[in-house]
Structures are given as structure tokens and as C-alpha cells.
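Here is a short briefing on one protein model. Look it over first, then work through the points below.

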Amino acid sequence: MTSLSPSSQLITTSEKSRIRLAVALFYFGQGLGFASWASRIPTIKTALGLSEAQLGTILLMLPIGQLITMPLSAAMVNRFGSKLVLPIVAIIYALILIPIALSPNAWYLGASLFLYGVAGNLCNISVNTQGVLAEDVYGKSIMSSFHGAWSLAGFTGALIGLLMTNIGFNTLTHFLIIVALLIVNILWNRPYLLAEQNKTETGERKTKYKPDAVIIQLGIIAFLSMATEGAMFDWSGVYFHDVVKAPEELVILGYASFMIMMATGRFIGDFVVGRFGRQRTLQVSGILMFVGMLASVIFPNLWVGTLAFMLVGLGVACNVPTVYSVAGKHKSIPAGVALAMVSSISFLGFLMGPPLIGYIAELFSLRYSFALFSIFGLLMFIMCSRLKIFKNQ
């Protein structure tokens, strides 16, 4: 298959469908790899004899690797193109599961997770660049469905991990099976990735770009959403246990209701964006985040809490895909560079959200933490209402 670019007039309907499937499966593969690692954290913790504090410190190595690699990711994708970079880094991302499984001590595990974070960020910028290019081919919003594929992979990876554990497969065997599946997935779909248009031919080549006001504002919008998302990932179960006082067997309901609605929201997000536009979608998402978080504080009982967390899940579902889609179409900054800039800002929210909840809860209470975080949704609504870039999106 010849190298295709979004501007190509020769792309047939069947090729468009195959391109979309290929990009979606790259998202799915990345999510499956991460979920496979996450499903084995308790096993690895026990095998290495790690305390909760030691594990918490080691787990920080992964986001640190992701964060410090942002400039490198932007430079590589801008220089070589996501079509070339993505398959290479996706294979590396898969292979790093093996040293993680073989970790003999905490230091080795920390170093492996750092490299996993580096490779993961390179994958993230590359695959989201491909998502933007695929949207250009379709001429409509399809980014949310790609992120939905990642969320679906999270469920799939967790179920596979549970199966592997129950049938007695050790971590290395589990990860080797996943690595083999991921490599097949990469090689099968690599030919259908899209090539960026070569801007250097017009004499517009640059080596350095600076974020403008639009990029910064998009980053802050994504920051507010990812801070809420990160807080829900880590604290929804604790909230249901300590505040809602859910029965032990129903504590998982808070996390599950959030995750299910977030995944559902991503699969219907493209229809919503196409029907109502990106600005209106983000405005409503902010309101859902605000109402959901606040309702869980005002009415901390099982059923209202479950419905409230479902609203939060819907609220955060489309924000990052939508913001990435807008950033990737920046008029003066290449897609990979713009995505890295927005990711650098937004990812801080994902890192800072969970500990911030904990610090506020320590000083006041967990309900107070969630009440303050509800304001993030309101701020997002206000910012999205004022940003003019959405007018033509």
C-alpha cells in the first residue's frame, strides 16, 4: 500500500474504513499493554515484598518518564512523522513489559517503569497525531471513538489479567502472551497509518515552536478535566467506602459506574460533537462534572452517589479527545508539537489531582475535597464559553 496523506484525493471509502480501524487498534493496543501491567501490580508488589509507601514511590517513575519526555516526543514526531515513529515506539512499549515482569528488586522495577513511561508518552503523541490525521480524512469528529478504544482495552486487559491469575499463569508468561498479541497488532496495522504532509517543501521548516494563548488555554481545559479524571480513578472507591458508607461488596460500584459511563461517553462522543459542535460539547461536559461532583457531596448515599459518578464519567469522557482534536488542527504549529504542548499542561492535572484530593482531605475532609474539585467543571464551562477557536470547529 502506498503512503497516504490526509490531503490525498485517492483514498477510497474502504481505505478510509481500514485506516480508521488501524488507528483504533493502535489505541486499543496501547491501552491493553497498560492495563496488563496494571492488572499485575498486586502480584509484583507481593513478589518483591514492597510496602504501600515503597510501591507508591516506584509507581511515580512511570509518570515522571512520561512528563520529561514531552519535548522529545514532539521533536521526534515533528522530525520523522508519526507514521514512522508510532510502530517503532509501540513495539518498544510492548517489549518493556518483559523487564517489568523480570524485575528482581525495587530499583530494577523503578527503572523499567521509567522507560515504560518514556515509551508510553512517545506512543501517546504519535497515536493522537494519527487520530488527528484520520479525522482530516473523514472530515468529521472521530477522535472520541479512538479514546473509547483505549478505554475498552482497559476493561479487556483487566479481564485477561484476572483470567491469567486464576489459571495460574505467572506474570512473565502473561506479559509474553500480551507482547506477542501487540506485535501482531502493530505489524498488521502499520501499513495503513497516514503520513503527514511535508511542510518543509514550502520552506516553512522550524525547529522550535512556542505555545500561544490558544494552546495554553486548551491545555488548562484539559488540565481541569484530567485532574478530575485522575481523582476519580484513585479516590472513587475510597469515597464510596469512607463517605458513602457503601457495603463492602458494593464499594466497587463508584469506580465501575464512573468507568462505564466514561467509556460509553467516548463511543457516543463523536456523534455528540458532530450534532452539537465541540464548544457546546465541552460546555455541557463541564456542567456534568460540576453537577456530578457536587451531588455526590450534598447527597452522599449509595444510589445518588452512583448516579453522580455516572455524570462525572460522562462529563470527562469527551474532553481530552476534543481538546486534542482542536490542538492538532493548529494553524501554525505542527500537530505532534501542539499535542505535546497541550499534553504537557494537561498531564500535570492527572499527576496533581489525586494527591491534591488527599492533601485537602487530610486538612479538612474527603467531602470537602470533592466539593472543591466540582469547581473545576464550572471553570471549564466558563473557559470553553470564551474561547473563540471553537467557533469554526
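Is the crossing of H9 and H12 left-handed or right-handed? It is left-handed; a crossing has that hand if the near helix is turned anticlockwise from the far one by less than a right angle, and is right-handed if clockwise. Helices here are DSSP runs of H or I with at least four residues, numbered from the N terminus. The model is predicted, so local features need pLDDT of at least 70 and side-chain atom pairs count only at pLDDT 80 or more, while totals for chains, interfaces and linings use all residues. Residues are numbered from 1 along each chain as its sequence is written, and side-chain values use heavy atoms, with hydrogens and water left out.

**Confidence**
- The protein chain averages a pLDDT of 85 (the predictor's confidence in each residue, from 0 to 100).
- A score of at least 70 is reached by 93% of the residues.
- Confidence is highest in helix H10 (residues 171-189), at a mean of 96. It is lowest in helix H3 (residues 52-59), at 76.
- Over residues 199-205, pLDDT stays under 50. The model has six contacts beyond four places in sequence for this stretch (contact means heavy atoms within 4.5 Å).
- Where pLDDT is low, the predicted coordinates should not be read in detail.

**Helix pairs**
- The axes of H9 (residues 143-166) and H12 (residues 252-276) come within 7 Å and cross at roughly 150 degrees. Axes are lines fitted to C-alpha atoms, for helices over the stretch in contact, and angles run from 0 to 180 degrees between N-to-C directions.
- That makes H9 roughly antiparallel to H12 (angles over 145 degrees).
- Their contact includes Met143, His147 and Phe155 of H9, and Met259, Arg266 and Asp270 of H12.
- The axes of H16 (residues 335-363) and H17 (residues 366-386) also come within 7 Å, crossing at roughly 130 degrees.
- H16 passes H17 in a right-handed crossing. Among the residues in contact are Gly353 and Ile357 of H16, and Tyr368 and Phe373 of H17.

**Two residues**
- Thr306 lies in helix H14 (residues 302-317). Thr306 counts as buried because its relative accessibility is 8% (buried is under 20%, exposed over 50%, partly exposed in between, with a 1.4 Å probe and protein chains only).
- The side chain of Thr306 reaches the backbone oxygen of Leu302 at 2.7 Å.
- Leaving aside residues up to four places away in sequence, Thr306 touches Phe240, Leu253 and Ser257.
- Leu21 is in helix H1 (residues 13-39). At 39% relative accessibility, Leu21 counts as partly exposed.

Terms used:
Helix = DSSP H or I, 4+ residues; strand = E, 2+ residues; numbered from the N terminus. Polar contact = N/O pair within 3.5 Å; in protein donor to acceptor, adjacent residues only side chain to side chain. Parallel < 35°, antiparallel > 145°, perpendicular 65-115°, else oblique.
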